[in-house]
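Please read these notes with the sequence and the 3D view open. They go point by point.

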Amino acid sequence: MIAVLIEVLLPIAVVAAAGFALRRALPLDLVTLNRLMIYGLSPALIFVALVRADLSGPDAGRMLFFSVGVLALMALTVWLCALVLRLKGKEVTALLLTSMFMNSGNYGLPASRFAFGESGFTLGVFYFIIQSIMAQTLGVGVAAAGAAGGRKQAWRQVFDRLTHMPQIYAVAGALALRGIGFHPAEATGIARSLFEGVALLSEAALPVMLLILGVQLGAGAPIVQPTMVAFATAIRLIVSPILAFGLARLLGMDGIALGVGVMMAGMPTAVNTTILAIEFDTRPQLVVSTVVVSSFASLVTLSVLLSLVR
């Protein structure tokens, strides 16, 4: 456990801590930083990773099914908990947002590289792509449906966000390039230079992701409803990886694919869920509190989890 903390999580914590300190010292514009990542670095990272990836094995397809399955299991878990605890309305919506969507990008991708190397990182990218799409579509639907009178608006929001997601076009572009037989190692001339330019942009993604994570946590927020926050954090960090392990074995995943999948399922709540919670007024303080608490608590839970699956 200590070895995992030092080898995998400490490098991540160092970069995130730099972002945290910068946010405390300077009035950084978080909206601009997020847009830089969403519209610039993240699509480049996905594009380059997919062009270079080996898609011939079964692990890529299994990871895609696995990521959707984890979302479904978490939704079912929250629904059952809501029935037992008699939770209703926006509280259930907030719990769905904090439980279904994990920080597979800012946190998960660097962790997958440090813990499992380049092959693990590639599988982490597959997981991240599906999570990004689902967060910007299903996540919007969940948040809008939980708001009063928001059901009709949800469909418009989902369609608008889906068509404006650069990650989707990055996936399409990468698959098209593979379809015409492009190989980065064999490319020459302008094609090689263009690809190397995009690859250079992609290399900035992981450190900037961690800096943004630190900046987001450095913004600070008072912890509200501590019992609900602890409950949501337990679902995200403990229940989710346990259920994910069972699903992974059911899908026949093992080795690195199993480790990456279960690790991703054990990531803290996605920071971007706070945007949806604020936009649709679905207990935003509860969501923000869960993001903060789960992010710090994950240093302990992920150390244990990675020592078991790595």
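The points below concern a predicted model.

1. Start with helix α1, which covers residues 2-25. Its axis bends by about 50 degrees at L9. A proline, P11, follows within four residues of that bend.

2. One side of the account of α1 is its buried residues: V4, V8, L9, I12, A16 and G19 are buried.

3. Helices α1 and α13 (284-309) each supply at least two of its residues, and α1 gives the most, with 5 residues.

4. The largest nonpolar core has 91 residues. Those that touch the most other members are M63, F66, V70, L109, Y127, M263 and L306. Helix α5 (residues 108-146) gives the most to this core, with 15 residues. As a general point, nonpolar side chains in soluble globular proteins tend to be buried together.

5. Leaving out residues up to four places away in sequence, M263 touches G108, A111, S112, F116, L302, L305 and L306. L306 is itself among the core residues that touch the most other members.

6. Is V48 buried or exposed? V48 lies in helix α2 (residues 30-52), and V48 counts as buried because its relative accessibility is 4%, under the 20% cut-off. Beyond residues up to four places away in sequence, V48 touches F195, V198, A199 and S202. By contrast, S294 is 30 Å from V48 in space, C-alpha to C-alpha, and 246 residues away in sequence.

7. Two backbone angles deserve a check. Most residues other than glycine have a negative phi. R86 is not a glycine, yet has a positive phi of about 60 degrees. R86 sits in the loop between α3 (59-85) and α4 (90-100), and counts as exposed because its relative accessibility is 72%.

8. The other is Q225, with a positive phi of about 40 degrees although Q225 is not a glycine. Q225 is found in the loop between α9 (205-218) and α10 (226-250). With a relative accessible area of 32%, Q225 is partly exposed.

Definitions and conventions. Residues numbered from 1 in each chain as written. Predicted model: local features only at pLDDT ≥ 70, side-chain atom pairs only at ≥ 80, totals over all residues. Heavy atoms only, no water. Bend = angle between axes of the 7 residues up to and from the residue. Buried < 20%, exposed > 50% of the residue type's maximum accessible area, 1.4 Å probe, protein only. Core = buried A, V, L, I, M, F, W, Y, C linked by side-chain atoms within 4.5 Å. Contact = heavy atoms within 4.5 Å.
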